[in-house]
Protein chains: 2
Amino acid sequence: MQDFLSLDKQALLAKKEALQQEYRRFQARGLNLNMARGKPGFDQTDLSVGLLDTVSSSTDYKAADGTDCRNYGVLEGLPELRALFGQVLGVDASQVFVGGNSSLAMMFDTISCMMSHGVGGCEPWSKQSGIKFLCPVPGYDRHFAITEYFGIEMIPVHTSVSGPDMDEVEALVSSDEKIKGIWCVPKYSNPLGITYSDETVRRFAALRPAAKDFRIIWDNAYCIHDISDTPDHLLNLAEECEKTGNQDIYIQFCSTSKITFPGAGVAALATSPLNMAAIKRQYSFQTIGFDKINQLRHVRFFKDYDGLLRHMQLHKAILKPKFEAVLQTLEQHLGGSGIVSWTKPNGGYFISVNVLSGCAKRVVALCKEAGVTLTEAGATYPLGQDPNDSNIRLAPTFPPVAEVLQAMELFCICVQLAAVEKLLSSNG
Amino acid sequence: MQDFLSLDKQALLAKKEALQQEYRRFQARGLNLNMARGKPGFDQTDLSVGLLDTVSSSTDYKAADGTDCRNYGVLEGLPELRALFGQVLGVDASQVFVGGNSSLAMMFDTISCMMSHGVGGCEPWSKQSGIKFLCPVPGYDRHFAITEYFGIEMIPVHTSVSGPDMDEVEALVSSDEKIKGIWCVPKYSNPLGITYSDETVRRFAALRPAAKDFRIIWDNAYCIHDISDTPDHLLNLAEECEKTGNQDIYIQFCSTSKITFPGAGVAALATSPLNMAAIKRQYSFQTIGFDKINQLRHVRFFKDYDGLLRHMQLHKAILKPKFEAVLQTLEQHLGGSGIVSWTKPNGGYFISVNVLSGCAKRVVALCKEAGVTLTEAGATYPLGQDPNDSNIRLAPTFPPVAEVLQAMELFCICVQLAAVEKLLSSNG
């Protein structure tokens, strides 16, 4: 495709005319497609329905140690599930706390705990005025929403293919004791799909923050969620922190929301004894215990770590064609256009697209008007404000491939249309 | 039985000798029984195993409105379960929010929300120094623990058979704007087993607190948990508050922890639109949604409110003999002794015993040394401090009847022994 930036006004006007025709044809189709959220498709949730049979009126209800899972107790989760999550997260079972159905809730509860009670002998964050969080951008809107909810100032940090800009991170956290944490999705990050490089992980492990109560929120949401035959490898932050004596600097999270059932899976966190004591103490006030029957279902369904990894291959088989559909359509319709760039992740749930500066909102609005809902433009930035109005997150997992293709064709038209509009207006 | 208080020293010494012999015989038995917590027995959890079959690989996963419960969404819970809880709590479905597995967690989250964000346009509680909560005593230790966790001062309020002393409650809340709430278990209260009288409920509905952000935490944990053929009736606080224009003063909670499975049931809250907005807003940051598959199980298992009430009859059949075992043993061994009083609840999970002042810790310790674990003495008071060291909570639901009988026989010996020790020392 010819580079749009080399077109003169007349060529742009002709292009616009043609694109508008195509766009109107799409509008006439009356589409109603949604690529807004990182939701597994029902072809994926179908993979896990056997889990529902693992605990029934004709089974027993006993964990490995004989605990009947139908009653109160075992706040930190079934030992065998803690062990399994330990393998997933690369830590010992003793460092794992298995909670309820949502890792987001565990992150919220953790931040809430730091706000009301603090950690490591420091004042509660709510008593320290003007605290801040680093937010690698583009990032996950629900992370940013939590810090927004608690009134924590958010500082965007640029992210490259190797992760957050560590020069910037180091400079900021070493000089400003008001900076209390950083949101990280280290593998197949949301929305970029990149994985932090070994150097990035080592530099995280070696951070020397001015604030003693600075914590890395290591949301390992996509730790085993490969879609490529050449998956990324993430260095083990816990091990690196052992080497640097920085064990208390991170809290790691994950869940089976995108392994079994979103909303009906199990979530876990892993961290040092010091952090765990604070978090576990709060949970001992907050609840009598989490749903052990659902924990038991998960243990029985996967049996072991190998069983879990085999299960992930089934997800991969479903997701790979959807990601390929997105990438091929982008390449086919926009390759060489000079108006857009995108990531090619080896796993995770998203593809990140950067359109011409000032065009993201317009693209999302155009798609919406023609029946395709995308993540709101700006959502990948704190407070929903993308300073360049450029980043768009594509979430192709939920719709069937045929719908992904339709939505992407429309998307490519809208990207071009918005670009042409912008180029014409700046040509004045 | 002869009144202990009328015995002379010699008679007391003889009594002590005989009781010590009986006590040693119990010790020799090597018992290991637990009546500490309000846990359903496995005979009770057996009643609900059919629930586990209601969603399986051979069913569909659809709620009434077609929602596939295996994916994200529907933050406020399945409409049909909101309707069912509405009937349980005596409110419209629109006022109900169905959450996760724990009403305690919903109460914690609510207090946490008031602490960090406040309600009704008032400053967050954490910004208002010196705030307080009223704690009807004896009461539920986990309630008091939540207010303790958040550093809220607790003011004990005497409870009679008709509920908290409303003269005291009215005087306190109308004069002190630092008082932000009150913990209530209005039906079959924990541990007294009493139900608030109609007048008490009406006076709650008519409260005019100095603090605009004063809230009644109405933990209706035992709302349909009758064990007697002549159950108590609790006036509907929501309706009374409608009449007084005081809709925002209460937040009501309940769960199926003692209906289906403790830890694997579903919990709900009901309140006014103003309170709901604050709580729901927080949940929209805290989670993407609760476990709808488990919500669906509960809807399918009970089918409707009548089905739920029929299920409660099965619990009643199991619990009634256990409560009768406790009450008959108390009457048989301690009736007329003058050293103890106890409640005779028509429902709930507890029987409350008052022993001679200064004897509760000793009784619990004696029981423990002979192999019977009771709720810690003092647990029914804020900070675990019973000023009279008199109240003991008995939780007879978990052990089989034969064990309840054994434990209660020992308990009656310990109550007498502690009383004799005390009477001898004060005669001293």
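I began with the packing of α3(A): its buried residues pack against β2 (96–98), β8 (250–255), β9 (267–271), α10 (292–302) and α11 (305–334) of chain A. I counted a contact when heavy atoms lie within 4.5 Å. Helices (H or I, at least four residues) and strands (E, at least two) are DSSP runs, numbered from the N terminus.

This is a predicted model: local features need pLDDT of at least 70, side-chain atom pairs count only at pLDDT 80 or more, and totals for chains, interfaces and linings use all residues. Residues are numbered from 1 along each chain as its sequence is written, chains are lettered from A and ligands numbered from 1 in written order, and side-chain values use heavy atoms, without hydrogens and water.

Which residues of α3(A) are buried? I listed A:Leu81, A:Arg82, A:Leu84, A:Phe85, A:Gly86, A:Val88 and A:Leu89 in this helix, residues 79–89. Buried means under 20% relative accessible area (1.4 Å probe, protein chains only). Just after α3(A), I found A:Gly90 with a positive phi of about 75 degrees.

**Strand β11**

I turned to β11(A), residues 351–355. 4 of its 5 residues are buried, so the strand is largely enclosed by the rest of the structure. Strands pair if DSSP finds at least two bridges between them. β10(A), residues 340–342, runs antiparallel to β11(A), with 3 bridges. There A:Val340 has A:Val355 as its bridge partner. β13(A), residues 391–394, is also antiparallel to β11(A), with 4 bridges. A:Asn354 stands opposite A:Asn391.

**Two chains**

I noted that 100% of the interface residues of chain B are also interface residues in chain A, so the copies meet through the same surface.

Methods: Buried < 20%, exposed > 50% of the residue type's maximum accessible area, 1.4 Å probe, protein only.
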